[in-house]
Structure formats: structure tokens, C-alpha cells
Amino acid sequence: MRKIYLLCFLFILNGLFAQKKDKLYPITAYEKAWQEKNSDARLKMIKSIWLEDSTFEDPSASIKGTAAFNNVINEFYKKFPDAILSSGPKIVKDNYVTWEWKIVDSKNKLIIGGRDFARLNGKGQVSKIIGFWDKDAALSEADLLKNLEADNIKVVAKYYECLFKTRDFDAMATLIEDGATYYQATGLPYGGTFVGFSEWTKMFAKSTEFFELQIEKEPTYFSDASKNEIIIYFTISCKSKKSGKTMSMPISEHFDLKNGKITAVRPFYYDTKQFAEFLKSKK
């Protein structure tokens, strides 16, 4: 008899664990939806556990329905494309679940943290999610912009090093967005608008036909992280290959960036006309 009671107890216990596991399925799917960056694949996942009258609320949104919830995640990834979600253990009571979570970027910098409360409908679907942000864990907008500014400056500094010091175009290529545009001053013998990195390299190669360059003053960096812009100001010393003459020229370069890559460069010369005449002058 004791064996029978033990078997019954184990059967009931196993059933309880199975129920808990099944109950957490919609939460598991919910978290996978947040980890899925493809909008169509994510929407399909959301529809498996989300109803048209299911609601999501946190300090940034209050929405209802599958498409609206999918759009919340889309907008989040537009702002934080490299976000990575992790979460803590789940506490389950009846049809309610709560857990802590945090989101970091690819460099493990904290973006935001908090706690979610979910109400389930008992049929494998979510009725409501309420999210609370941990203000002490979340980075302020100022901190986020500061981090973005630092990352953008690193990208531009690497570009500068590759172009003017190491001449490492393979490394430089990794910093440039596909279809990026270089707006070289049209008054220069190698001037024009160049789209795509392969066209950039042709322009760089042509420029070397006219002068030899050394950096006279290392760049100073200015930025507006809210617009993903960096400006550098530096001075070059040039020797014309045609005339053998030398001149010093201050230059500033304006960079547009997106998702950690350069999308456009616009150099500005202290005196473009003088520089063009210098490059074309003969002995």
C-alpha cells in the first residue's frame, strides 16, 4: 500500500510541475518575442500567446492587441539595435507571474532593468503585462547619449587612424555603412560625390597622385550624439607632387553615423580654392 501511495504522490507532484511548466509557456514565448529582431517572425510568435484584447503597459506605452505590441518592440530595437534581454526566476501564483529582467547592449552596458507582472488566462495566453522600470538601474537619457557619443568618437578615431596613419582599408571598410556617401569638395582635382566604400577608395587613391601628406596637428573631436554626428578639426602639412611646394592647411570633417557605422563624410578646407591651386601648380 505504501508503494501505491508513494506512486500516487509522485504522480500528483509530477502533474503539479507539469502544470507550472505549461503555465509558464506564454511567458517563455513572451520573452522570446522580445529577443526576436525580425518583425514578421516576432508577430507570428506574439499571436501564439497574445490576444487582440491583451494589453501591455509600462512607463513608455499603454497598448492593446498583437500589432500594437509588435510595434512597441520594433520601436525599441530602432533605438537600441544591439539590445540583449535576460531575466530572473519566475514567481507563480494562480494565474499571475512576476519576474525581474534587465536589458544590456552588445558591450554589456546596462540599458534598462525592471520587473514585469503578467496575468494569464489559463489557456496558454497572456491577458495583461504590466512592466515597472527600476529607476536606479535604468540609464538616464543623458547617460545613454554620453555612451553613444563615446562609441561614435571611437568609430571616427579608428577611421582617422586607418586613413591617415595605417592606411588599413580593410579595417576601415568595417566602419562604413553600405551605400555611405563621401562629399569631397568639387573644386579639388579628385573632388565629387562618392557612394559606397569602393568608390571612396578610388578617390583616396587618386588624391595620392597630387600630394604627400603628414599630420601637423592631431584632431579635436566635437559631437552631437542626439543627431549621431561627429566633427573633427585637425591640420595637415602637404607637399605637392607637381611643384614640390609645401603648405599647411586646417581641415574639419563632418561625420554622420548610424548604428555604430559611418554613413556620410563631408570634409571642409580652410581655403579650398587655395588648396586646389596648390595641388595643380607646377614648378
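The legends below accompany close-up views of a predicted model.

**View 1. The largest pocket and its lining.** In this predicted model, the largest pocket holds about 730 Å³ of space. Its lining is made up of 26 residues, and those that lie nearest the centre of the pocket are Lys79, Phe80, Pro81, Asp82 and Leu148. Helix 4 (66–79), strand 6 (110–120) and helix 5 (141–166) each supply at least two residues of this lining, and helix 5 gives the most, with eight residues. By residue type, the lining of the largest pocket divides into 10 nonpolar, seven polar and nine charged residues.

**View 2. The second largest pocket and its lining.** The volume of the second largest pocket is about 480 Å³. Asp58, Ser60, Phe76, Ile112 and Trp133 are the closest to its centre among the 24 residues that line the second largest pocket. At least two lining residues come from each of helix 2 (25–35), strand 1 (50–58), helix 4, strand 5 (96–104), strand 6, strand 7 (126–133) and helix 5, while helix 4 gives the most to this lining, with four residues. The lining of the second largest pocket divides into 16 nonpolar, two polar and six charged residues.

**View 3. The salt bridge between Glu57 and Lys128.** The structure holds 11 salt bridges, and one of them is formed by Glu57 with Lys128, whose closest N and O atoms are 3.0 Å apart. Because Glu57 lies in strand 1 and Lys128 in strand 7, the pair ties together parts that are 71 residues apart in sequence. Glu57 counts as partly exposed, at 29% relative accessibility, whereas Lys128, with a relative accessible area of 19%, is buried.

View 4. Asp151 forms a salt bridge with Lys107, and the closest N and O atoms of the two residues are 3.2 Å apart. Asp151 belongs to helix 5 and Lys107 to the loop between strand 5 and strand 6, so this pair ties together parts that are 44 residues apart in sequence. Asp151 counts as buried, at 18% relative accessibility, a value that falls under the 20% limit for that class. A network of salt bridges links Lys107, Lys109 and Asp151.

**View 5. The salt bridge between Glu277 and Lys273 in helix 8.** Glu277 forms a salt bridge with Lys273, and their closest N and O atoms are 3.1 Å apart. The two residues, Glu277 and Lys273, are four residues apart in helix 8 (residues 272–280), so about one helical turn separates them. Side chains of opposite charge can pair when their charged atoms come close. Glu277 is partly exposed, with a relative accessible area of 48%, while Lys273 counts as exposed, at 58% relative accessibility.

View 6. Phe222, Ile231 and Tyr233 make a nonpolar surface patch of about 280 Å². Of these residues, Ile231 is found in strand 11 (residues 229–240), and Ile231 is partly exposed, with a relative accessible area of 34%. That value for Ile231 is over the 30% relative accessible area that residues of a patch must have.

Conventions:
Residues numbered from 1 in each chain as written. Predicted model: local features only at pLDDT ≥ 70, side-chain atom pairs only at ≥ 80, totals over all residues. Heavy atoms only, no water. Patch = residues over 30% accessible without salt bridge, like charges linked within 9 Å, V, L, I, M, F, W, Y side chains within 5 Å. Areas by Shrake-Rupley, 256 points an atom, 1.4 Å probe, with all protein chains shown as cover. Salt bridge = Lys/Arg side-chain N within 4 Å of Asp/Glu carboxyl O. Buried < 20%, exposed > 50% of the residue type's maximum accessible area, 1.4 Å probe, protein only. 1 Å grid on protein atoms, 1.4 Å probe; cavity = no way out; pocket = protein on both sides within 12 Å on 5 of 7 lines; lining within 4 Å. Points joined across faces, edges and corners; volume = space filled by probe spheres on them. Nonpolar A, V, L, I, M, F, W, Y, C, P; charged D, E, K, R; others polar.
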